Amino acid sequence: MSAILPPSERLWWKHPLDRVEGTWIVIALVWCLVMFAMMVGWHIYGKQNLSTETYKTTREMFSAKAQAVVDKYTVRTETDKQIPVVHPPAGGDVYLIGRLWDWWPIIEFEKGKTYRLHLTSMDYNHGFSLQPVNINIQVVPGYEHVVTMTPNQSGTFSIVCNEYCGIGHHNMLGRIYVK
Amino acid sequence: MADITTYRTCPRSGLQFEANAEKLMLANAVVAVVFLLIGGILAIGVVLTRWPSVHWLQADDFYMVLTAHGIDMLIFWIIFFEVAVLYFCSSTLLRCRLATPKVAWLAFALMLIGAVTNNIAVFQGSSSVMMTSYVPMMATPAFYLGLILFAVGALIACFVFFGTLVVAKRDKTYQGSVPLVTFGAITAAIIAVFTIASGAIILIPTFLMSIGIIKEVDALVYRTIWWAFGHSSQQINVSAHIAIWYAAAAIAFGAKPMSERVSRGAFLLYILFLQLASAHHLLADPGLSTGWKVVNTSYFMYFAVLASMIHGLTIPGAIEVAQRAKGYNNGLFEWLRKAPWGNPTFSGVLIALIGFGFLGGISGVMMGTEQLNMIIHNTIYVPGHFHATVVIGTTLSFMALTYFLIPVLFKREMINPGLARLQPYLFGLSMYFFVLVMMGAGTLGVPRRHWDMSFSGAAMAYEWPGAAYLMMGLVGIAGIAAIVGGAIYIYITVGSLLWGKRLDDGAFSAKPTPFPLTPASTALHGTGSAGFAAPGTFVLALVFLTAFVLYYFINWKYLSQVWGLS
Ligand code: HEM
Ligand SMILES: [Cu+2]
Ligand SMILES: [Cu+2]
């Protein structure tokens, strides 16, 4: 009878369904399948898919690789902390370190060129949040995540940390230039 | 049956309460409300700090208060209340005694000790790790120990619930199948067992790591298993509050489910796909394969979303059918206009249902789409979304149920019914606005769990667009309005309990009175009217679908404009 009483028809799975329900179930199911197809289809036709290329890494391994690229491609330094600005060749690899509480180094890309950006954290989880583009990627310690990026606009972009990482979290900023 | 107990038939509702179950429901519900009070006070600190021009607390206090707010609200308030709901849906709705009341008190004690231990750890200040406590950031051992004790208690409570189902079956207090609402509660309890097991798998090693027995818990493994726990616990809430929606429709309107088969089938879909969807918290993570993400985040082709869309139709549909049977048959919406809008149990549930669907549901599916997740992950859009699900959906439904329970379970006349009539509107509608502006700020990239959006003192600088500041200011204003709404709920509940006029108990008996036998097949509902039985609801459902489709594709458009990623 009512939802708080035992059903009067004992075989509830034989209840007829109303046409409203039947119609809605069909519409909803179609919509669910459309959404599923969108997600799969975007992997084939879309231009924004998160790479899954990942390696286990350690602080030492990753720092050494990052340092090598910095040594080779630094074009200038910025701020009184002398943060290197790295300008990798198109198609090349570049390493970004997330640590308490900065992103290192500063990176310079060229518009329309593609780069392999390697991300990891030296300590806690961090969040790579590229602003104002608004691309957000989790950065997990122990894992080197290789993301292939193609900037489609030029300007100065900031990397905000958007995973809580302790008392300095809200001051953790980095920078990417696109020429 | 060694336990001597009595059964009370409430003269106001006809429900039958067993003495042990009644005391346990009361204890769990009262402790739940105390945690809501604590969490609500903490919300003042959170919201006044995130309001940029107020920026009230210091950074360390803010992170501590936010950790406590998340845990006290999401875990302690909700789960204590859910235990009361489980006992109600078993012992009261099935008219039987509660199995093993002593064990149920043990469960209650463990949960309470765990919750207090965890809170003490957080307020000592060195466990500001947020409710997710991602390793390798470590809290003190007491933080994890408190959570583990609480989880063990909650697990025991689930088994008391299952035991009570067995008692009812054995004592034959009902014929045939359990009521739909109990069926929903069973769904919630099954999911809870799976959830708590996942929680144990990850929290126990982390506890051992905090006391130095285990050297390391892998950061990504932690995230993956933690979310098997963190996500499925939200599925418990959804099952529980949907069961309450069906109950409220039955109580306020005498509405019967349009089709038991459809509604129960939809609950079964929850059970089948419950272990999925934890991936929607991990879509922006390294190391997990695309195939797993796509299948898991969509609950295998969105079958659990389908289930929610079904409940979203069948509950208002059942109300519409009941109202039309009472003669409110004009046009598409007379049934809705003539609904008891001044009854806070009804208005609370309806505001919860609409807000959960339109705000929580649509945003949740959008965020849970693998690629779209990249444009909102860890922004304040995320708390915007889940305040629509867990506050507008679950919390407001629990509030609505409380208004029904004050005379029935607490046996008190409600103090200040005028204020109670207003409360769901104030709390619910200010929360609608609150989540909308949070989502707005998140779309502009504003991060969650962030003390200072102006980055003052940072080595570099970034200036958010003015609209982001405006939205966060509005978050502050709407948040305060919602907190006032929450305070009114607590005032009415606690006030009625303390000062409300005592109402009579009703008749006591030593044995349960079983259900009167209902004649088989009292009219197959829905088949009576040619065409649609609930045309108004169907139109509303189409409005919902339109909003859903538009919003979904707008976000794809937005995504297609960002940098190429592969
Ligand atoms: C009554 C008014 C409430 C207000 C004004 C409020 C406000 C907020 C705000 C602004 C945040 C985000 C802070 C940030 O990420 O920087 C937040 C986080 C949160 N809130 Fe609420 N909240 C309220 C009620 C609730 C309720 C009832 C629940 C649960 C049932 C809840 C659960 C949470 C959780 C789980 C978080 C996330 C904490 C974290 O990130 O670890 N809130 N709240
Ligand atoms: Cu951070
Ligand atoms: Cu989830």
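Helices (H or I, at least four residues) and strands (E, at least two) are DSSP runs numbered from the N terminus, and the expected span of a helix is 1.5 Å times one less than its number of residues. The model is predicted, so local features need pLDDT of at least 70 and side-chain atom pairs count only at pLDDT 80 or more, while totals for chains, interfaces and linings use all residues. Residues are numbered from 1 along each chain as its sequence is written, and chains are lettered from A and ligands numbered from 1 in the order in which they are written.

Q: What makes the span of helix H3 of chain B agree with expectation?
A: The 23 residues of H3(B), 101-123, should span 33 Å at 1.5 Å a residue, and the end C-alpha atoms are 33 Å apart, which agrees. Just after H3(B), B:Gly125 takes a positive phi of about 100°.

Q: Which residues of H7(B) are called buried?
A: A residue is buried if 20 or more other C-beta atoms, placed from the backbone, lie within 10 Å of its own, exposed if 12 or fewer, and partly exposed in between. In H7(B) the buried residues include B:Val262, B:Ala266, B:Leu269 and B:Phe273, and also B:Glu260 and B:Arg264.

Q: Why is A:Gln153 called partly exposed?
A: A:Gln153 has 13 C-beta neighbours inside 10 Å and therefore counts as partly exposed, since that class lies between the limits of 12 or fewer and 20 or more. A:Gln153 is found in the loop between S10 and strand S11 (155-161) of chain A.

Q: What does A:Gln153 touch, not counting residues up to four places away in sequence?
A: Two residues are in contact if their C-beta atoms, placed from the backbone, lie within 7 Å, and A:Gln153 touches A:Lys111 and A:Val178. A:Gln153 and A:Lys47, 106 residues apart in sequence, are 15 Å apart in space, C-alpha to C-alpha.

Q: What makes S2 and S3 of chain A a pair?
A: Two strands pair if DSSP finds at least two bridges between them, and four bridges join S2(A), residues 74-78, to S3(A), residues 83-86, which run antiparallel. In S3(A), A:Val85 is the bridge partner of A:Arg76, and A:Val86 is that of A:Thr74. The two strands form a hairpin with four residues between them, and A:Thr79 in the turn has a positive phi of about 60°.

Q: Why are S2 and S9 of chain A placed at the edges of their sheet?
A: The open sheet of seven strands has the order S2-S3-S6-S12-S11-S8-S9 (chain A), with mixed pairing. S2 and strand S9 (135-139) of chain A each have a single partner strand, so one side of each is left without a neighbour in the sheet.

Q: How do you know that strands of chain A and chain B pair with each other?
A: Two bridges join strand S10 (residues 143-150) of chain A to S4(B), and the two run antiparallel; A:Met149 has B:Leu565 as its bridge partner in S4(B).

Q: What makes up the contact between the chains?
A: The contact takes 98 residues from chain B and 79 residues from chain A. On the side of chain B that touches chain A, the largest share, nine residues, comes from H9(B). That side divides into 58 nonpolar, 29 polar and 11 charged residues, where Ala, Val, Leu, Ile, Met, Phe, Trp, Tyr, Cys and Pro count as nonpolar, Asp, Glu, Lys and Arg as charged, and the others, Gly among them, as polar.

Q: How many residues surround ligand 1?
A: A residue is near a molecule if its C-beta atom, placed from the backbone, lies within 6 Å of it, and 27 residues surround ligand 1, the closest being B:Ala43, B:Gly70, B:Met73, B:Arg448 and B:Gly479. The largest share of this shell, seven residues, comes from H2(B), and the shell divides into 16 nonpolar, eight polar and three charged residues.
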